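Hi everyone, thanks for making time for this one. Let me put the model on the screen, and then I'll walk you through a few places in it.

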Amino acid sequence: VLMDLDLGPKDDRALILDRKTHIIEAATKDKTHRLAKLTDGRTIENDVPPDVLVSCACSLAGIDGKIDPKRITGKQVYQSEILKQLKVGKDIEKSLRRKLDKKVELARLVVEKLKEDGNTSVPSYIADIVEFIKRSRNI
């Protein structure tokens, strides 16, 4: 199980929801068959380099490069941080949010961009997930 942290970079980790803590504790009791991790950032998208996230999100939503990656901080969900920079009307914002919510398509674009750029860095929890899969398959 990979769960979004749902906290901003300066939020107290004690604010992690009880249900997430419970899932992690339950998984810890059976490390052979279970693994539960939290993203490093607010959401998994915040664990992608901001310039890559912005480039791919803008491509997905058809936004001309008006977004400053330095303003994607994880204090809010990435969609809100992108839309806040655009200053568009409610109807256009609603349409853009629907496009930005296509997370599977965004993930595909991000993976392609990372490969294209030769970027092999991954979030810290990926190594744990890979190890768990190898262990579960006796690799």
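Let's begin at Leu38, which touches Leu2, Met3, Asp4, Leu5, Ile16, Lys20, Ile24 and Tyr125, once residues up to four places away in sequence are set aside. Please keep in mind that this is a predicted model. Leu38 sits in strand β2, which covers residues 37-38. Is Leu38 buried or exposed? Its relative accessibility is 17%, and because buried means under 20%, Leu38 counts as buried. For a sense of distance, take Thr28: Leu38 and Thr28 are ten residues apart in sequence, and their C-alpha atoms are 13 Å apart in space.

My second residue is Gln79, and you'll find it in helix α3, residues 78-86. At 6% relative accessibility, Gln79 counts as buried too. So what does Gln79 contact, if we leave aside its neighbours within four places in sequence? The partners are Arg97, Leu100, Asp101 and Lys103.

Helix α5 runs over 103-117 and α6 over 124-136, and each of the two supplies at least two lining residues.

Let me step back to the whole chain. We have six helices and two strands, and reading along the sequence gives β-α-β-α-α-α-α-α. The C-alpha trace spans about 50 × 35 × 25 Å along its principal axes. Of the 139 residues, 32% count as buried, and Leu38 and Gln79 are among them.

What about contacts across the sequence? Taking contacts between residues at least 6 apart, 60% join residues at least 24 apart.

Last, the surface and the charges. The chain exposes about 9100 Å², with carbon and sulfur atoms supplying 53% of that area. There are 28 positive and 23 negative charges, and how far apart are their mean positions? The answer is 2 Å.

That's my tour, and I'm happy to go back to any of these spots on the screen.

How values were computed
Residues numbered from 1 in each chain as written. Predicted model: local features only at pLDDT ≥ 70, side-chain atom pairs only at ≥ 80, totals over all residues. Heavy atoms only, no water. Helix = DSSP H or I, 4+ residues; strand = E, 2+ residues; numbered from the N terminus. Buried < 20%, exposed > 50% of the residue type's maximum accessible area, 1.4 Å probe, protein only. Contact = heavy atoms within 4.5 Å. Areas by Shrake-Rupley, 256 points an atom, 1.4 Å probe, with all protein chains shown as cover. Lys, Arg positive; Asp, Glu negative; His and termini not counted. Charge placed at Lys NZ, Arg CZ, Asp CG, Glu CD.
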